[in-house]
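Student: Could we go through the aromatic contacts in this model together? I would like to begin with the ring clusters.

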Amino acid sequence: MKTISKENYLKIIFSREEETGKPITTTYLADKLNVSKAAITDMARRLAAEELIAYERYHGIRTLPKGKKLAVEVIRKHRLWELFLLEVLNMNWSEVHDEAELLEHTTSDKLMNRIDKFLGHPKFDPHGDPIPNRNGKFPKTAKRMSLLESAEGKKYKIVRVNDASKDVIDFLSKIGIELGSEITVKKILPKNEGALIKNGRRLHSISGNIAAALFIAPAEKGRKR
Ligand SMILES: [Zn+2]
């Protein structure tokens, strides 16, 4: 078993678990990793034997403490690398995720701790995702919601952008939206078809895909990330 797939497998289970609070189905994983359900089940049995996850047929997959720890370590490396590439190497906002996907599997803890120190122990990555500290603890984040759950006519601040799609981030850069941008939600179209948002004086129509990648917090409260 390649380390990369094992780590990505754990990362996906952990993240989904955090999101939903429920065990993960093999169907979800097969879809995410783009492999067959049989391959997922096979991997699940192996990781269960290593006590990284608990897997019971019909009950799905949960991470065990050892697996959680490993997932958080990989997530920490990913997010620190993204920030390093952006801040130190001046790479583009939309480019850093793909590079971090590779680097996260090959970096020693020692190097990562050096980079963390060099960056001043940052709490958030360039997409607004929290960076766990060296003990695996995540910083507190202000309450966030999807743009699709927002109320029309209200003002919000962009606090997180899903980092997985380069196209989404390129599009946002093009229309001048970045983390911290304040927007007014003018209209949310039904059936996740998109939204109409105002950024400064400009009105933008965004697709459902873009809207789903944007996470916001009320602008009034003005809580800093
Ligand atoms: Zn990323």
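Student: Which residues do ring pairs link into a cluster?
Tutor: In this predicted model, the cluster joined by ring pairs consists of Trp 81, Phe 84 and Phe 118.

Student: How many aromatic pairs does the structure hold?
Tutor: There are three aromatic pairs in the structure. In one of them, Phe 14 and Phe 138 have ring centres 6.3 Å apart and planes at 15°, so this pair is stacked.

Student: Which parts of the chain does that pair link?
Tutor: It links distant parts: Phe 14 belongs to helix 1 (residues 3-20), whereas Phe 138 is in the loop between helix 6 (109-118) and strand 3 (145-146), 124 residues apart.

Student: Is Phe 14 buried or exposed?
Tutor: Phe 14 counts as buried, because its relative accessibility is 5% and the limit for buried is under 20%. Phe 138, at 29%, counts as partly exposed.

Student: New topic, charges. Which ring does the charged end of Arg 16 sit over?
Tutor: The charged end of Arg 16 sits over the ring of Tyr 28, 4.2 Å from the ring's centre.

Student: And what does Arg 160 lie over?
Tutor: Arg 160 lies over the face of Phe 215, with 4.6 Å to the ring centre.

Technical notes: Residues are numbered from 1 along each chain as its sequence is written. This is a predicted model: local features need pLDDT of at least 70, side-chain atom pairs count only at pLDDT 80 or more; totals for chains, interfaces and linings use all residues. Side-chain values use heavy atoms; hydrogens and water are left out. Rings of Phe, Tyr and Trp (its six-membered ring) pair if their centres lie within 6.5 Å; planes under 30 degrees apart count as stacked, over 60 as edge-to-face and the rest as tilted. Helices (H or I, at least four residues) and strands (E, at least two) are DSSP runs, numbered from the N terminus. Buried means under 20% relative accessible area, exposed over 50%, partly exposed in between (1.4 Å probe, protein chains only). A charge sits over a ring if NZ of Lys or CZ of Arg is within 6 Å of the ring centre and within 35 degrees of the ring normal.
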